[in-house]
Amino acid sequence: MFLLFFVLWLIFNANFTLEICIFGIALSAVMYLFIWKVFGYKPRYDWMMVKLSWYGLKYFVILIWEIIKANIAVLKLIFTPRLEIKPKLVYFTVDLETNPAKLLLANSITLTPGTITADIHGNEYCVHALDEAFSEGMDESTFVKQLKKMEEKR
């Protein structure tokens, strides 16, 4: 977190001089101590972020790829007039442990065109799919697999 504060300081200053670096190091240290004391931040969180950064990047790439695939599928539905669209509500359960993982899954589903997360109760999701084809395999999607890997590594 200290490095993040320092890098942001350098980016927002847009200059790189010795005085700016020294002042940035001091200010970053003060901010780091502040979040450590006031918010209960611990240095092990930094290590956890480093460990999970690879998985987060991989998840982001998977999300972009799934959005592209879903866009193509929605475009096929739009430009093929003979296809009959059959919307569907899908209920499924996923055994994710942490609330951030559950939230990330719900938002990833909503970001993917043709699907919207309508409700979450505990581990049960209710998703509205534009067509039946979009609703298949949501409980075993690549999103869920990657989030489970991230939870194992934390």
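Good morning. In this predicted model, the second largest pocket is lined by 10 residues, and those lying nearest its centre are Leu52, Thr98, Pro100, Ala101 and Met150. Three elements, α3, α4 and α5, each give two or more residues to the lining of this second largest pocket. Its volume is about 160 Å³. By class, seven of its lining residues are nonpolar, one is polar and two are charged.

I turn now to the largest pocket, which holds about 370 Å³ of space. Its lining consists of 16 residues, with Glu66, Thr112, Thr115, Phe134 and Glu136 the closest to the centre. Here the elements that contribute two or more residues are α3, residues 43-79, and α5, residues 142-153. Which element supplies the largest share of this lining? That is α3, with four residues. The lining of the largest pocket divides into eight nonpolar, five polar and three charged residues.

Let me move on to the sheet. Three strands form an open sheet in the order β1-β3-β2, with antiparallel pairing. The edge strands, each pairing on one side only, are β1, residues 88-93, and β2, residues 115-121. On average, neighbouring strands of the sheet are turned by 25 degrees against each other, direction ignored.

Strand β3 covers residues 124-129 and pairs with β2 in the antiparallel sense over six bridges. Within β3, Glu124 is the bridge partner of His121. Helix α4, residues 99-111, packs on this sheet and touches β1, β2 and β3. The direction of α4 makes about 155 degrees with that of β2.

Thank you for your attention.

Conventions: Residues numbered from 1 in each chain as written. Predicted model: local features only at pLDDT ≥ 70, side-chain atom pairs only at ≥ 80, totals over all residues. Heavy atoms only, no water. Pairing = 2+ DSSP bridges. Axes fitted to C-alpha atoms, helices over the stretch in contact; angles between N-to-C directions. Contact = heavy atoms within 4.5 Å. 1 Å grid on protein atoms, 1.4 Å probe; cavity = no way out; pocket = protein on both sides within 12 Å on 5 of 7 lines; lining within 4 Å. Points joined across faces, edges and corners; volume = space filled by probe spheres on them. Nonpolar A, V, L, I, M, F, W, Y, C, P; charged D, E, K, R; others polar.
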